[in-house]
Structures are given as C-alpha cells and as structure tokens.
Amino acid sequence: MITGGAGFIGSNFIPTILESMKDAQIVNLDKLTYAGDLKNLESVSGNSRYTFIQGDICDRKLVADIFETHEVNNVIHFAAESHVDNSIDSPATFIETNIIGTFVLLETAREKWTQSQESRTFNRFHHISTDEVYGSLGAEGYFSEATPYAPNSPYSASKASADFLVRSYGKTYDLNVVTSNCSNNYGPGQHDEKLIPTIIRKALAGEAIPIYGNGTNVRDWLYVGDHCKALELVFSNGKDGETYAIGGEDEMSNLTIANTICGIIDRKTGRPPGSSAGQIEFVQDRPGHDYRYAIDSAKITANLGWKPEVSLQQGLELTIEWYIDKYQKV
Ligand code: NAD
C-alpha cells in the first residue's frame, strides 16, 4: 500500500517502483485533498498491477478492509498535510492526518503483524518524513540522523509526532519500520502553493514574485527523481528500525533561487536578461520561519550507496520546462 500517492512525491514514486519492481502490486490510498491530482498518475492508471482507492487514512475500517482485500504486506506512507503555511493558519487537519492517520496505519499493520507472526505476511512500514523535524540551523552545520528533534511549526511537530509513533511501534511491537527524513523536494508535479512552483508561475504570468522576509533563508534542494531512487533503496535495503536522512547537497537562499529561476525563464522565453527578476517582491516573513536546513547524507551514501545525481541547476531546467508545458496547456 502506498498512501498519498496522488501527491507530488508519491506520484513520482509510483511509476518508478512499478517499473523497477516487476512483481509489485500497488494499491494507492489517497483522499484527494486539494493537494492530490490523479492527472499526475495517468501513465499508470491502466496498469494491471496498480489500483487507486479514494479514501482517508484516518478511516480505520477502510484501512483494515484494504489490508484484508489487497493482502497488504508493505506500507509506504506519504499521505500528509504538507504545507507549512497552511499548518500555521489551520493546524487541526495536520494533527488529524499526520498523527492520527499514521497511528491508524500503524495499528492496522500491527494487527496484521501480530496475527501473522508465524507466516510473517507483514513485511515493512516505511514512513516518509521531513528534515524539518530537526528545527533550524544557523549558518554552519548539518542535520543528520543523530540530530535531536526540535520542530518549530505545527507541520513539523505533527511529522515529528508521527516519526515517534513509528519508532515506538518498532521498539514496542517489533514491527519492521524504517523512516526517511528528506530535505525540500522540487520537480514536476509539485502543487502550485510551494516555493519553486510559485516563483515559476508568477514569473511566467508577469506577476509579483513573493519572497518571505529578506530572502536569506536557506534550503537544501532535492530533485524528486533522486529522492524516489533513495526511497526505493531505503524501502528495499534499509535496516529495520533505522532512520535515513536524505539531502540534495545543493543549498541555496530563497532569493538566489528566485533569481536563478528568473534567469532560466528569461532565457527559455526569450525575455531580456534580468526582466523576470524585476518582479521579485519581499513580503512579511513567515512566523517561526526556520533559517536554514541542510543535511549530511553520509549514512545513506555509505550504507545504501545513494547520492543525488541531478544538480539544482539541471533540476530547475527540467522543472521549469515541465511547468511551461503545463501552463501552456491550461
Ligand atoms: P503533497 O501535499 O503533494 O501530497 C500529499 C498527498 O496526501 C495528497 O495526494 C493528498 O490528497 C494525500 N492526503 C492528504 N491527507 C490525506 C488523508 N487523510 N488520507 C489519504 N490521503 C491524504 O505532499 P508531498 O510533497 O508529496 O509529500 C509527501 C510526503 O513527504 C509527506 O509526508 C511530506 O510530509 C513528506 N515530505 C515532503 C517534502 C517536500 O518537499 N515535498 C519534504 C520532506 C518531506
């Protein structure tokens, strides 16, 4: 079972895993909130090894029925409310989906695990989490698997809670669990609300490009295709009970990324150099805005042989082409 597979990362992951795991049967449980879009899964909708079910991970009966009907023996859990700004305005759904929803999935997996210890028909619960659980960095240093948790937004606090629940089901019930904490993803299929799609969309439309504060906040950017490869390795070869930090090794301030995107858009659309960057406008900073995220991915590199392959410059070119194509079709 994949949860939240109609979202940005899940919809990039499902075609990849159907292609590389030829015997995988996938059931995708997604509520189709504003963030889910089945258009991103058109390439797999006719695949006989893929089933889509619209529903809520908080619905215990539905989740139990799917486990039973589809003989679920692995869960890869993407479903979440994922936008920090929304968590500041209305945290309740973040608590529901990210904490209660994860609990429901864990409980259902535990029931299957404890019922079937002889035959071992439940294999693994892979929880997809974020580096935001570690809080904020200053100008120096990196997050790693050993960094103490210090979440600052309702979003990151809800993800941290889910991470702890997952950990506890491993320790207490011996459920086979693995968690990956990644940095900011970008690439085709991301919801318009996120930073990179917003910059691209506003730049293309000739509108003001909003940048929080003075734009000096730094993020580590991970191309979604690289992330999907890392997830497959963590799911297949990660060690039971471990966590893996996954970073793109490409840090950039928000202002620099906006200027870089504007430069690529000027080139691709034949605008005079520097013209899109003139649309950048600073807006009031996000409350509790974390200053910097950066990840030391040494563990996943050493243990699972993963390294990011797509540089931020290459990934932005690919992403901008995808959005230009998307907006031209609208
Ligand atoms: P997204 O917001 O694009 O997609 C989330 C998906 O979950 C949507 O399809 C939505 O319909 C579904 N969903 C939401 N609530 C649900 C519910 N109650 N029941 C069933 N489905 C529900 O998110 P994303 O960017 O693809 O992120 C996927 C996961 O990766 C999340 O757990 C997120 O916390 C984590 N993550 C994302 C990033 C990032 O940069 N995008 C970084 C770190 C971690």
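This is a predicted model: local features need pLDDT of at least 70, side-chain atom pairs count only at pLDDT 80 or more; totals for chains, interfaces and linings use all residues.
**Group meeting: a look through the model**

Asp174 is partly exposed, with a relative accessible area of 47%. Most residues other than glycine have a negative phi. On the chain, Asp174 is in the loop between α5 and β6, the strand that covers 177-182.

Glu249 also belongs on this list. Its phi is positive, about 55°, and it is not a glycine either. You will find Glu249 in the loop that runs between β10 (243-246) and β11 (251-253). With a relative accessible area of 42%, Glu249 counts as partly exposed.

Now the ligand. Which residues come nearest to it? Out of 28 residues around the ligand, the nearest are Ile9, Asp30, Ser82, Tyr155 and Lys159. For Lys159 there is a distance to go with that: a polar atom of its side chain is 2.6 Å from an oxygen atom of the ligand. A polar backbone atom of Ile57 is 3.0 Å from a ligand nitrogen. The side chain of Thr97 has an N or O atom 3.0 Å from a nitrogen atom of the ligand. As for cover, the ligand taken alone exposes 840 Å², and the protein buries 97% of that.

What is the shell around the ligand made of? By residue type, the shell has 12 nonpolar, 12 polar and four charged residues. By element, α1 (8-20), β5 (124-130), α5 (154-173) and β7 (184-186) each supply at least two residues of that shell. The element that gives the most is β5, with three residues.

Next, the aromatic rings. A search of the whole structure finds 11 aromatic pairs. The one I picked is Phe143 with Tyr293: their ring centres are 6.2 Å apart and the planes are at 40°, so this pair is tilted. Phe143 is in the loop between β5 and α5, while Tyr293 is in the loop between β12 (280-283) and α9 (298-304), so the pair ties together parts that are 150 residues apart in sequence. Are these two residues buried or exposed? Both Phe143 and Tyr293 are buried. The pair is also part of a cluster, in which ring pairs link Tyr134, Phe143, Tyr149, Phe164 and Tyr293.

The loop between β12 and α9 also holds Ser297. Ser297 is buried, at a relative accessible area of 3%. What does its side chain contact? A polar atom of the Ser297 side chain lies 3.0 Å from the backbone nitrogen of Gly247.

While we are at β12, look at Val283, which is in that strand. At 33% relative accessibility, Val283 counts as partly exposed.

On to a helix, α7. Which residues of α7 are buried? They are Val224, Asp226, His227, Cys228, Ala230, Leu231, Glu232, Val234 and Phe235. Note that Asp226 and Glu232 are on that list.

Lys39 is in the loop between β2 (26-30) and β3 (50-54). With a relative accessibility of 59%, Lys39 counts as exposed. From Lys39 to Ala6 is 33 residues in sequence and 8.4 Å in space, C-alpha to C-alpha.

Ser90 is in the loop between α3 (84-89) and α4 (92-115). Its relative accessibility is 41%, and Ser90 counts as partly exposed. Ser90 and Asp285 are 195 residues apart along the chain, and 18 Å separates their C-alpha atoms.

Technical notes. Residues are numbered from 1 along each chain as its sequence is written. Side-chain values use heavy atoms; hydrogens and water are left out. A residue is near a molecule or strand if one of its heavy atoms lies within 4 Å of it. A polar contact is a pair of N or O atoms within 3.5 Å; within protein, one must be able to donate a hydrogen and the other to accept it, and residues adjacent in sequence count only if both atoms are side-chain atoms. Accessible areas come from the Shrake-Rupley method with a 1.4 Å probe; for residues, only the protein chains shown count as cover. Helices (H or I, at least four residues) and strands (E, at least two) are DSSP runs, numbered from the N terminus. Ala, Val, Leu, Ile, Met, Phe, Trp, Tyr, Cys and Pro count as nonpolar, Asp, Glu, Lys and Arg as charged, and the others, Gly among them, as polar. Buried means under 20% relative accessible area, exposed over 50%, partly exposed in between (1.4 Å probe, protein chains only). Rings of Phe, Tyr and Trp (its six-membered ring) pair if their centres lie within 6.5 Å; planes under 30 degrees apart count as stacked, over 60 as edge-to-face and the rest as tilted.
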